[in-house]
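Reader: Before we discuss the labels, please show me the chain. I would like to go through the terms one at a time.

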Amino acid sequence: MTDKQATPPIGRRTVLIASGATAATLAVSAAAPATPTSATAGTADTAPVAAAAVCTLTKEMTEGPYYLDGQYVRSDISEDKTGFPLQLTLTVVDDDTCAPLPDALVEIWHCDALGEYSGFVGNNGHNEPDNGTFLRGGVLTGSDGVARITSVYPGWYRGRCVHIHLKVHTDVTLTPDGSFEGGQELHTGQLFFDETITARVGALSPYSANTVPRTTLAQDGIYDDGGAASGLLTLTALGSSPTAGYAGTLTVGVETS
């Protein structure tokens with residue numbers, strides 16, 4: 001199933017559809033900072049990352065059919081899912097000033113190595129336990145606007161390239177059960193992965209057990225081949241083999257007013 005197709009049957013949690021306000025909201029991703037000039041070189045090492053960024057306006061991406069509300073606020077969403085480690089560092093900034101946005105909830109969700117989403121297991125043709133929570137959750141940004149989330153490298157499902165879904169909320173209320181409620185949704189987007197790295201990962205177990213043909217970035221109908229402006233992560237290997245995992249970074253600018 002692709003993100004453009006009809007929403008699958010509702011699981012044990014409520015599926016939320018993006019509101020009109022969300023669809024109209026614009027967000028930005030920051031491009032890599034330029035090489036410091038002689039006037040700025042002396043302060044480059046101490047300048048905040050967000051302050052050094054160059055903000056560019058970009059469109060939002062579709063929420064897709066697999067969003068579930070009421071997910072946990074937690075830094076590690078991997079639970080017991082097998083896969084290669086993924087350490088995400090996402091810096092949220094104001095698109096007008098590039099100033100870090102503190103206390104924003106960065107929420108992500110994605111499929112496992114077999115292309116299955118929690119709450120919807122079986123939609124990609126594989127049978128496995130489904131607790132409705134694996135590979136879902138988020139954290140609040142710190143005073144530097146940074147959210148750090150640990151997961152596993154995503155797999156793929158029919159018709160879509162490898163990706164992670166993303167939302168940014170402000171003014172949320174944390175609940176006693178470890179979740180959140182309320183607040184304002186500022187951004188809905190997707191994070192994408194370098195095709196060469198994905199091909200290496202996909203050739204190895206447990207990803208190689210995914211029986212669905214993989215859609216590449218170039219074949220994907222949602223990815224616009226816009227690079228970092230479309231959510232393409234900067235990936236750094238954590239070891240000499242793909243099995244050691246990757247660190248993924250991106251600066252995400254949001255429209256706050």
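**Aromatic contacts and burial**

Author: Phe-84, Tyr-153, Phe-193, Tyr-207 and Tyr-246 form one aromatic cluster. The model is predicted, so local features need pLDDT of at least 70 and side-chain atom pairs pLDDT 80 or more, while totals for chains, interfaces and linings use all residues. Residues are numbered from 1 along each chain as its sequence is written, and side-chain values use heavy atoms, without hydrogens and water.

Reader: What makes Tyr-66 and Tyr-157 an edge-to-face aromatic pair?

Author: Rings of Phe, Tyr and Trp (its six-membered ring) pair if their centres lie within 6.5 Å; planes under 30 degrees apart are stacked, over 60 edge-to-face, the rest tilted. Tyr-66 and Tyr-157 are 5.7 Å apart centre to centre, with 85° between the planes, so the pair is edge-to-face. Tyr-66 and Tyr-157 are 91 residues apart in the chain.

Reader: Why is Tyr-66 called buried?

Author: Buried means under 20% relative accessible area, exposed over 50%, and partly exposed in between (1.4 Å probe, protein chains only). Tyr-66 has 3% relative accessibility, so Tyr-66 counts as buried. Tyr-157, at 2%, is buried too.

Reader: How do you know that Lys-81 lies over the face of Phe-134?

Author: A charge sits over a ring if NZ of Lys or CZ of Arg is within 6 Å of the ring centre and within 35 degrees of the ring normal. Lys-81 is 4.1 Å from the ring centre of Phe-134 and lies over its face. By the same rule, the charged end of Lys-167 sits over the ring of Tyr-67, 5.0 Å from its centre.

Technical notes
Helix = DSSP H or I, 4+ residues; strand = E, 2+ residues; numbered from the N terminus.
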